Amino acid sequence: MASDEKTKTPAKRYYRKRVELFRLIDKIKLWPSRRGLLHGIRTIETVGDQARITTHCNKTFVVTNSRNSRAARWLRNKWFSGVCSSCAVPEWKLKKYSSTQFKRHYGSLLLEDREVQGNSGK
Ligand SMILES: [Zn+2]
């Protein structure tokens, strides 16, 4: 895991802790494997409450949209021991991820525009 203390860090972004797993991974395109490796996500096909994820290293698996799943927790806590070398996750993406903060009462839930409350009705 590279430290980017010294280099310039991208602007912090804030997401809610309660953000849906699928919205989150669709945004950050990263997946922590059980072995602690961070993979880059190539495609996500969502069917109802399940999604088929394909990583850049050609692993395919089905996950459930749970905020409390292992992967959701690991993503929020940024637990990973390394980055998959086959996925070749670019440095900027890792920096963006490391500058992402998860807050209980503040930040985006990554809802689409039409789902955001108080639409202006123009
Ligand atoms: Zn990989």
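Tutor: Buried means under 20% relative accessible area, exposed means over 50%, and partly exposed lies in between. The structure under discussion is a predicted model.

Student: Why is Asn77 called partly exposed?

Tutor: Asn77 has a relative accessibility of 41%. Asn77 belongs to helix α2, which spans residues 70-77.

Student: What makes the contact of Arg23 and Glu20 a salt bridge?

Tutor: The definition requires a side-chain nitrogen of Lys or Arg within 4 Å of a carboxyl oxygen of Asp or Glu. For Arg23 and Glu20 the N to O distance is 3.7 Å, and therefore the pair meets the 4 Å criterion.

Student: Why is Arg23 called buried, and why is Glu20 called partly exposed?

Tutor: Arg23 has a relative accessible area of 18%; buried means under 20%, so Arg23 is buried. Glu20 stands at 27%, between the cut-offs of 20% and 50%, and therefore counts as partly exposed.

Student: How do you know that Lys29 and Asp26 meet in a salt bridge?

Tutor: Their N to O distance is 3.6 Å, and the cut-off is 4 Å, so the pair qualifies as a salt bridge. Lys29, at 26%, is partly exposed, and Asp26, at 43%, counts as partly exposed.

Student: How many salt bridges does the structure hold?

Tutor: The structure holds two salt bridges.

Notes:
Residues numbered from 1 in each chain as written. Predicted model: local features only at pLDDT ≥ 70, side-chain atom pairs only at ≥ 80, totals over all residues. Heavy atoms only, no water. Helix = DSSP H or I, 4+ residues; strand = E, 2+ residues; numbered from the N terminus. Buried < 20%, exposed > 50% of the residue type's maximum accessible area, 1.4 Å probe, protein only.
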